[in-house]
Amino acid sequence: MRICRVRAGDEITYAAIDALSDDLGITDETLVAFIDGHPFGDWSPQGSVARARDVELLAPVIPSKIVGIGRNYRDHASEMGGEVPAEPLMFLKPSTSVIGPGDAIRIPWQSEKAEHEAELAIVIGRVCRDVPRERAAEVIFGFTCGNDVSARDLQRADGQWARAKGFDTFCPLGPWIDTEFDWTDAAISCTVNGEIRQSANTGDVVFGVPDLIAAVTSVMTLLPGDVILTGTPSGVGPIVEGDTVAVTIQSLGTLTNTVVDRG
Ligand code: MG
């Protein structure tokens, strides 16, 4: 099932989305079926539907926190001039960095080099702590596409990543949550203005999804809606005002955002 969060008129609500095209795009026939309740808890179909083109897709979740994972693809660790870490390398992005599909990434005046990072995002479905890797599937609500936008110059200059990864709009998520996605073998790519920049497979990671959930929850409690960004493959590069950046994950969907100067 694919769950989206939408604005329909004055109301923000969750809905199931279906009838996508073969490449998971929205067509005139695509419908959203509104739900009562919350997808992380009890919910039921409301019975009313709308054309997907008549509603605005929002970020599918507002996490209390986003846990990023650094250097989790071997070729990206190499391009950054580093080794693959012995344990998952964690950092935090603030909830206020989240934007939805179609929203603008705003490049701050402090940075001369903001870069895209296409990533698979895990959406947590329940309160959890100290989850053994064998039970990781029990705490996953689903998966969505993410872009761990990073001010690379500030990341290198600061020595830690709070500023470089934490600007408003630096965490596009969407377009929906797929509750049945298989992370072990899916193509992941990033294009900028239609040109391929990153191309890999989500199964190429050093630490897989169960390992990441076990590692993160051994440190901090995760809440429903929290997001783990699973790391980016090689090919990261700059984005500038006027660009359109798209993260596509096979059988999951495409997350597209524009880029503007924040001024
Ligand atoms: Mg990243």
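# A chat about rings, domains and salt bridges

Q: To start with the rings, how many aromatic pairs does the structure hold?
A: The structure, which is a predicted model, holds four aromatic pairs.

Q: What kind of pair do Phe40 and Phe141 make?
A: Their ring centres are 4.7 Å apart and their planes stand at 70 degrees, so the pair is edge-to-face.

Q: And where in the chain do Phe40 and Phe141 lie?
A: Phe40 is in the loop between strand E3 (31–37) and strand E4 (43–51), while Phe141 belongs to strand E12 (residues 140–147). The two are 101 residues apart, and the pair links distant parts of the chain.

Q: Is Phe141 buried or exposed?
A: Phe141 counts as buried, because its relative accessibility is 15% and the cut-off for buried is under 20%. Strand E12 is mostly covered, with seven of its eight residues buried.

Q: Which strands does E12 pair with?
A: One of its partners is strand E11 (residues 118–124), which pairs with E12 in the antiparallel sense over seven bridges; here Ala121 has Thr144 in E12 as its bridge partner. E12 also pairs with strand E14 (residues 171–178), again in the antiparallel sense, over three bridges, and Cys145 stands opposite Gly174 in E14.

Q: Switching to domains, what does the assignment give for this chain?
A: The domain assignment gives domain 1 (2–58) and domain 2 (66–261). Taken over C-alpha atoms, the centres of domain 1 and domain 2 are separated by 24 Å.

Q: How many residues does each domain bring to the contact?
A: Domain 1 brings eleven residues to the contact and domain 2 brings 15 residues. The area buried between domain 1 and domain 2 is about 1,100 Å², and carbon and sulfur atoms give 68% of that area.

Q: How many salt bridges cross the interface of domain 1 and domain 2?
A: The rule finds one salt bridge across the interface of domain 1 and domain 2. As for Arg2, its side chain meets that of Asp178 in a salt bridge, at 3.8 Å from N to O.

Q: And how many salt bridges does the structure hold?
A: The structure holds 15 salt bridges. Among them is the one between Asp130 and Arg129, whose closest N and O atoms are 3.6 Å apart. Asp130 counts as partly exposed at 46% relative accessibility, whereas Arg129 is exposed, with a relative accessible area of 58%.

Q: What about Glu138 and Arg135?
A: The side chains of Glu138 and Arg135 also meet in a salt bridge, at 2.9 Å from N to O. Glu138 counts as partly exposed at 39% relative accessibility, and Arg135 counts as partly exposed at 44%.

Q: Where do Asp148 and Lys165 lie, then?
A: The side chains of Asp148 and Lys165 meet in a salt bridge, at 2.8 Å from N to O. Asp148 lies in the loop between E12 and E13 and Lys165 lies in helix H3 (residues 162–166), so the pair ties together parts that are 17 residues apart in sequence.

Q: Are those two buried or exposed?
A: Asp148 counts as buried at 0% relative accessibility, and Lys165 counts as buried at 2% relative accessibility. Asp148 and Lys165 also belong to a network of salt bridges that links them with Lys93, Lys113, Glu115, Glu117 and Arg152.

Q: Glu115 is in that list, so what is its bridge partner in E18?
A: The bridge partner of Glu115 in E18 is Pro238. Strand E10 (residues 114–116) and E18 run antiparallel and are joined by two bridges.

Q: In what order do the strands of that open sheet come, and which stand at the edges?
A: Three strands form the open sheet in the order E13-E10-E18, with antiparallel pairing. Strand E13 (150–151) and strand E18 (237–238) stand at the edges with a single partner strand each, so one side of each is left without a neighbour in the sheet.

Q: One last topic: where is Val216 found, and what is it in contact with?
A: Val216 is found in helix H4 (residues 209–217) and counts as buried at 0% relative accessibility. Leaving aside neighbours within four places in sequence, Val216 is in contact with Val67, Ile69, Met90, Leu222 and Ile228.

Conventions: Residues are numbered from 1 along each chain as its sequence is written. This is a predicted model: local features need pLDDT of at least 70, side-chain atom pairs count only at pLDDT 80 or more; totals for chains, interfaces and linings use all residues. Side-chain values use heavy atoms; hydrogens and water are left out. Rings of Phe, Tyr and Trp (its six-membered ring) pair if their centres lie within 6.5 Å; planes under 30 degrees apart count as stacked, over 60 as edge-to-face and the rest as tilted. Helices (H or I, at least four residues) and strands (E, at least two) are DSSP runs, numbered from the N terminus. Buried means under 20% relative accessible area, exposed over 50%, partly exposed in between (1.4 Å probe, protein chains only). Two strands pair if DSSP finds at least two bridges between them. Domain bounds come from an automatic or database domain assignment. Contact means heavy atoms within 4.5 Å. Buried area is the accessible area (1.4 Å probe) that two parts lose on being put together, summed over both. A salt bridge is a side-chain nitrogen of Lys or Arg within 4 Å of a carboxyl oxygen of Asp or Glu.
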